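I opened a new notebook page for this chain.

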Amino acid sequence: MKILGLSTMGNSAAAITVDGKVIAAIEEERLTRMKNDGGFPFHAIKTCLNSADMNFSDLDEIAVYWQPWRFMNRSIAVLKGAILDPKNIKFRAKRVMEIISGKKNKNDDYPELRGSWIDLFRIKSILKKEYGNFSATIKYYDHHDCHAASILYLANYKQTICLTYDGGGESDSTVIYSVNGDVQKRLKTILWPNSLGHFYSSFTGFLGFRMLEGEYKMMGLAPYGKPVFKEYILSKILQKKPDGEYILNTKILNYHAALHGAFSFELESKLGKPRKPNEEFTEHHHNIASSVQLVFEEILFHMLAWTKKQEPNFENLCIAGGCGLNVTANGKIIKNKLFKNILIPPAPHDAGCAVGAAFLAEKKYMKLYKRSNHHLKMDSPYLGRTYNDDEIKSAFENRGLVVPTKFNEKELLEILSSALSRSEVIAWFQGASEFGPRALGNRSFIADPRNDSIRDILNKKIKKRELFRPFAPSCKIEVANDFFEINQESPYMNIVANVREDKKNIIPAVTHTDGTARVHTVDKKDNLLYWKLIDAFEKKTGVGVVLNTSFNIQEPIVENPTQAIDCFLRSSVEFLAIGSYICDIKWRKEAEGK
Ligand SMILES: [Fe+2]
């Protein structure tokens, strides 16, 4: 069967599966260049069809990640909130009207919200307008079931717990599943507006970061503070309830109001005025970030402890949903040893639901009701388009630039590993782009982790980003345990682990202020060329680790060769390795002289 999976509101994406295997998947943001684009994924659909070498008419089903008719719970919650909290009624009413009327959110501050609920009812006519008549059926799947499918079919666990948690689906914000062989059941469902995702996002806004995007920045800020507001938050805002449940007091912390920069009198009287985006960070802001992170973790462990009581013999945990991007919390689960293994997909957020919806469709069609027999698989996170050397050469020519020198693999690795060992920085563009928010070694800036000052150098050369934010390491899987307290792989860079005490001074550039690192383990079976680059660096330096940060400058990660060349020229890094070509300082001078 040929299935097109779609996520259409917030981190929109498309994915194509053929007979159970993911052939292509990409987020809309990579193509529209609008970070977290939540508009209808026209470009992503086109790119996936191209990558899969298919026409729209070849599709058997369009699998959608949301059941739009299930709005009753959310409507009641919004209504209840409006009665209890009339101050915020205008913010709630505005969003509800945008959703009901189908009027697109024009606010460029939140491209995530460009998607419209009403469009979900109109998918057939939207696609018909674009592609003409088609025979594929359109089916809608439960949002959290899609999140679960996006990870369950990556895992080979016979028995596992699956936690999906995010801002909210049709009516649910947290679902805990147990999967035992062929039997998958819901152990717990927590209904919106009680939402760990909206709790975290609202405080992201309170600290002056852009909500729905800056959550990872608040997480990076947390280790600098002390959790002095933890007890206040746990007693007044996010309270534990029996049986692993929690309740969010939306009268004090309201997500829709926070999106408009409005916070309750009670919150401001306790925590002061919200931080303005350009305001200096103070100890007070650090303390809020620390408190919010610890409360998030406390509620997470409250849920997991209850789950463990239900299924004490289950040793594996799968996590999906936007909250799965909280890598610090993921690392604490491993440290806490509640579960032996944890697995989080490369795209735990809503983009991943495009794959999840397609898997649910495949499962139904293939009549694979027994997990033990499933053929559903996603071999790799490298699911975007690949560009060959001819296409890369054309990109230089089309920009009127000199085509740089071409090298064979051995020469390329020698030149670049030598540059890295001299603490020069390289921009690296190879193979297909990664699905999900992380650069996993195909679209990366790469640097020497041994050089503590490289962080400042990188911030000057490329990132111009907040100095408190840590850079992450990519590490050969073979030596991961030598450098980090980690006993499992982390191929999608979504686990934080302690850097071993005797290694902190060896790789200071990727060691965060609290002694941790967001580890990316690299296995030669997943990404051979990137593994070889780290291996070549190790042969020169004795360190099988490099610093890896995404290939972009205040924009979505570069997708095609032209964007890579432009981004490289906007930076001042020393090398660009793009396919077999290497641009060096000499090439740059020539290019800039043009
Ligand atoms: Fe979600």
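The entries below go from the domains to the sheet and then to one of its strands.

**Entry 1: the model.** I noted before anything else that this is a predicted model.

**Entry 2: domains.** I looked up how the protein chain is divided. The assignment gives domain 1 as 2–64 + 68–140 + 350–369, domain 2 as 156–346 and domain 3 as 389–592. I then checked the contact between domain 1 and domain 3, to which domain 1 gives eight residues and domain 3 gives seven residues. Which elements give two or more residues to the side of domain 1 that touches domain 3? I found β3 (21–27) and α1 (28–32). Of these, α1 has the largest share of that side, with three residues. I sorted that side of domain 1 by class and wrote down four nonpolar and four charged residues, with no polar ones.

**Entry 3: the sheet.** I traced an open sheet of nine strands with mixed pairing. Its order reads β13-β21-β20-β14-β15-β19-β16-β18-β17. Which are the edge strands? They are β13 (405–406) and β17 (495–498), each of which pairs on one side only.

**Entry 4: helices on the sheet.** I looked for helices that pack on this sheet and recorded two of them, α14 and α20. Helix α14 (residues 327–336) touches β17 and β18 (516–522). The direction of α14 makes about 60 degrees with that of β17. Helix α20 (residues 528–541) touches β16 (472–476), β18 and β19 (545–550). For α20 I noted an angle of about 90 degrees with the direction of β16.

**Entry 5: strand β20 and its neighbors.** I turned to β20 (residues 575–578), which pairs with β14 (residues 426–429) in the parallel sense over four bridges. Within this pair I found Ala427 opposite Leu576 and Phe429 opposite Ile578. On the β21 side, I counted three bridges between β20 and β21 (residues 581–583), and these two strands run antiparallel.

**Entry 6: side chains and the turn.** Are the residues of β20 buried or exposed? I found Phe575 and Ala577 pointing one way and Leu576 and Ile578 the other way, and all are buried. Last, I looked at the hairpin of β20 and β21, which has two residues between the strands. There Gly579 takes a positive phi near 60 degrees.

Notes. Residues numbered from 1 in each chain as written. Predicted model: local features only at pLDDT ≥ 70, side-chain atom pairs only at ≥ 80, totals over all residues. Domains from an automatic or database assignment. Contact = placed C-beta atoms within 7 Å. Nonpolar A, V, L, I, M, F, W, Y, C, P; charged D, E, K, R; others polar. Pairing = 2+ DSSP bridges. Axes fitted to C-alpha atoms, helices over the stretch in contact; angles between N-to-C directions. Buried ≥ 20, exposed ≤ 12 C-beta atoms within 10 Å, placed from the backbone.
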